[in-house]
Amino acid sequence: MKLLRVENLKKYFPVRQGFFVQKIVAYIKAVDDVSFEVERGKTFGLVGESGCGKTTVGKTIIRLFDPTSGKIVLEGKDIANLKPSELKPYRTKLQIVFQDPMSSLNPRMTVGQMLSEPLLFHGIVKTREEANKVIAELLKEVGLKPHHIDRYPHQFSGGQRQRLAIARAISVRPHLIVLDEPTSALDVSVQAQIINLLQRLQEELNAGYIFISHDLPLVRYMSDEVAVMYLGKIVEKAPRDELFDHPLHPYTKALLAAAPVPDPKKKRDRKNLIGGQVPSPINRPSGCFFHPRCKFRMPICEREYPPTFALDSSHEVACYLYR
Amino acid sequence: MKSRLDSVRKIYGRLKKNRLAVVGLWIIIILVITAVFAPLIAPYDPNEQDLLSSLEGPSLAHPMGVDFFGRDVFSRVIWGARVSLTISLVAVAISAVVGTILGSLAGFYGSVLDEVIMRIMDVFLAIPSILLAIAIVAVLGPRTSNLILAVSVSTIPEFSRIARSAVLVEKNKEYIEAARAIGESRLSILFRYALPNSMVPIIVQASLRMATAILSVSGLGFLGLGVQPPTPEWGTDLSLARTYLEIAPHAGIFPGIAIFLSVIGFNFLGDGLNEALNPKLKDR
């Protein structure tokens with residue numbers, strides 16, 4: 001059984017206007033018909049420019065947002081339409097680590113209070129004493145000291161705070177963790193430590209990760225499978241090396257060309273770079289959303305959004321070039 | 001616990017930098033001590049009449065003189081602190097609690113509940129608070145409980161607006177989303193996560209509102225709608241002294257000074273707290 005299967009997931013945010021009576025004048029289609037699968041112990045990477053909907057995918061999967069339509073099948077059970085009360089047992093299987101550790105920890109709670117919340121709430125431990133024992137273990141697991149239990153978040157550095165956020169996420173022993181740009185707010189040296197920690201924990205917990213990031217080398221390092229998103233849709237999805245070594249979609253090529261190459265002698269692949277801006281998700285271009293910025297556009301690209309073409313069992317691309 | 005004490009010390013350290021705030025703090029400390037120990041400090045019973053010395057000016061025996069009914073003004077001002085402070089404190093506490101709950105519910109749940117609560121608050125805000133208080137006391141009768149009700153009702157909208165905006169800011173922070181990911185209920189998230197992080201502007205507002213409440217209580221007293229004689233109350237005493245202001249100004253001046261000082265004390269402290277609790281404000 002797959003850990004997670006996302007089918008045709010859509011999340012539209014209504015745009016309201018009006019003074020007394022608010023009318024819905026448009027929708028921001030943040031996530032539009034996204035499908036993918038995650039297995040236990042594997043990492044699924046999600047990349048794209050800011051505003052492409054990758055964070056919304058993550059937050060919708062852990063049901064911080066109610067999906068507009070589609071299925072979120074977690075270990076065989078569709079949780080897309082469960083009510084908050086019905087979701088409670090699934091909360092221990094799904095957790096999230098946010099981007100900014102400065103705002104993701106409650107400034108008025110000590111480490112002990114913060115970490116005992118999920119433990120006591122889900123009945124993993126019964127008493128405070130038990131909770132404190134588990135918390136001491138958790139802190140060691142993420143590379144902090146047990147005596148940090150009485151400190152407040154502001155007494156920690158950014159990297160330590162992210163370790164705390166990770167400790168909170170793994171406290172319920174989740175099967176799936178959404179990592180929403182977990183390192184982009186940190187220094188490079190600290191990033192490496194956090195990435196190593198995440199990889200070690202993945203082995204320990206045998207958890208599936210959804211790794212959301214715009215840092216391409218990092219995604220390549222972390223992920224087993226990678227999907228590229230553009231304006232709410234997945235434009236290309238492939239196993240890691242396949243995607244990075246043989247990108248097909250012009251947008252994927254452009255993204256890879258834009259990433260800096262850490263070798264001064266190598267030239268960047270400038271011919272694939274693109275200009276222009278990401279169009280507004282309220283008023284998306286006709287046909288393929290990428291066609292205004294695409295060098296290879298054909299007449300059909302302006303009319304119809306391309307279906308997904310499967311090149312083999314694992315490499316999918318939504319582009320008419322591969323018809 | 002230790003860290004909480006530390007943060008109190010830190011806030012006091014920042015408060016100390018603002019001279020006026022320290023002055024305000026001391027005025028309030030003296031006021032509170034006076035109110036608590038009124039029976040020990042006051043040289044006379046505030047209602048004891050010595051009609052022979054009626055309207056006598058300040059002297060060693062009566063440092064603030066004597067009023068028309070032969071009562072010692074000094075003792076009455078001291079006892080008046082008790083009445084003014086208690087009524088204002090209870091009124092502000094009630095309106096802070098009720099206003100904060102209403103405002104934070106409106107801000108946190110949004111949509112219809114927000115509209116309903118805030119539009120009702122707007123209606124109250126449209127009426128000048130002193131007028132609203134007068135109307136309430138006039139309808140219900142000048143009893144202490146009604147006075148508290150009048151003053152608190154007229155300040156509820158201010159608290160609800162401030163609490164609403166503070167909760168709106170906190171609501172979208174990631175630690176709230178993390179709590180939701182754990183599965184905690186919305187009410188629990190509001191009261192255990194969002195509200196404790198929204199307290200700063202509410203505390204500042206409470207201090208500033210104490211000043212207006214004292215003013216409202218004495219204002220109502222002055223109009224005869226507040227605390228009823230012979231209970232010593234600054235506004236009521238001031239109103240009584242008004243008749244003899246030309247021949248015995250001391251009977252009115254001293255209660256007036258008491259009102260002025262306490263109002264200014266709470267205002268200074270409120271402004272100082274605002275700066276001390278929001279260190280970012282000063283950098284601007």
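Predicted model: local features only at pLDDT ≥ 70, side-chain atom pairs only at ≥ 80, totals over all residues.

Residues are numbered from 1 along each chain as its sequence is written, while chains are lettered from A and ligands numbered from 1 in the order in which they are written.

**Entry 1**

I traced strand β1 (residues 4-17) of chain A, which runs antiparallel to β2(A) and is joined to it by 12 bridges. My strands (E, at least two residues) and helices (H or I, at least four) are DSSP runs, numbered from the N terminus. Two strands pair if DSSP finds at least two bridges between them. The open sheet here has 4 strands in the order β2-β1-β4-β5 (chain A), with antiparallel pairing. I found β2 (23-38) and β5 (77-78) of chain A at its edges, each pairing on one side only.

**Entry 2: the sheet of 8 strands**

Next I read off an open sheet of 8 strands, β6-β7-β8-β3-β9-β10-β12-β11 (chain A), with mixed pairing. β6 and β11 (309-310) of chain A are at the edges with a single partner strand each, so one side of each has no neighbour in the sheet.

I looked up the partner of β6(A): it is strand β7 (residues 176-180) of chain A, paired in the parallel sense over 4 bridges. L94(A) has L176(A) as its bridge partner in β7(A), and V97(A) stands opposite L179(A).

Which way do the residues of strand β6 (residues 94-97) of chain A point? L94(A) and I96(A) go one way, Q95(A) and V97(A) the other, and all are buried. Buried means that 20 or more other C-beta atoms, placed from the backbone, lie within 10 Å of a residue's own. I reminded myself that side chains alternate between the two faces of the sheet in a regular strand.

I also saw helix α1 (residues 54-61) of chain A lying across β3 (43-47), β6, β7, β8 (208-213) and β9 (225-230) of chain A, at about 150° to β8(A). Axes are lines fitted to C-alpha atoms, for helices over the stretch in contact, and angles run from 0 to 180 degrees between N-to-C directions.

**Entry 3: where the chains touch**

I then turned to the contact between the chains, which takes 14 residues from chain B and 20 residues from chain A. Residues are in contact if their C-beta atoms, placed from the backbone, lie within 7 Å. Helix α8 (residues 174-182) of chain B gives the largest share of chain B's side, 7 residues.

How many residues of α8(B) are buried? I counted 9 of its 9, among them Y175(B), I176(B) and R180(B). They pack against α2 (84-91), β6, α3 (111-121) and α5 (158-170) of chain A, together with α7 (144-171) and α9 (186-194) of chain B. After α8(B) comes G183(B), with a positive phi near 110°.

Notes: Buried ≥ 20, exposed ≤ 12 C-beta atoms within 10 Å, placed from the backbone. Contact = placed C-beta atoms within 7 Å.
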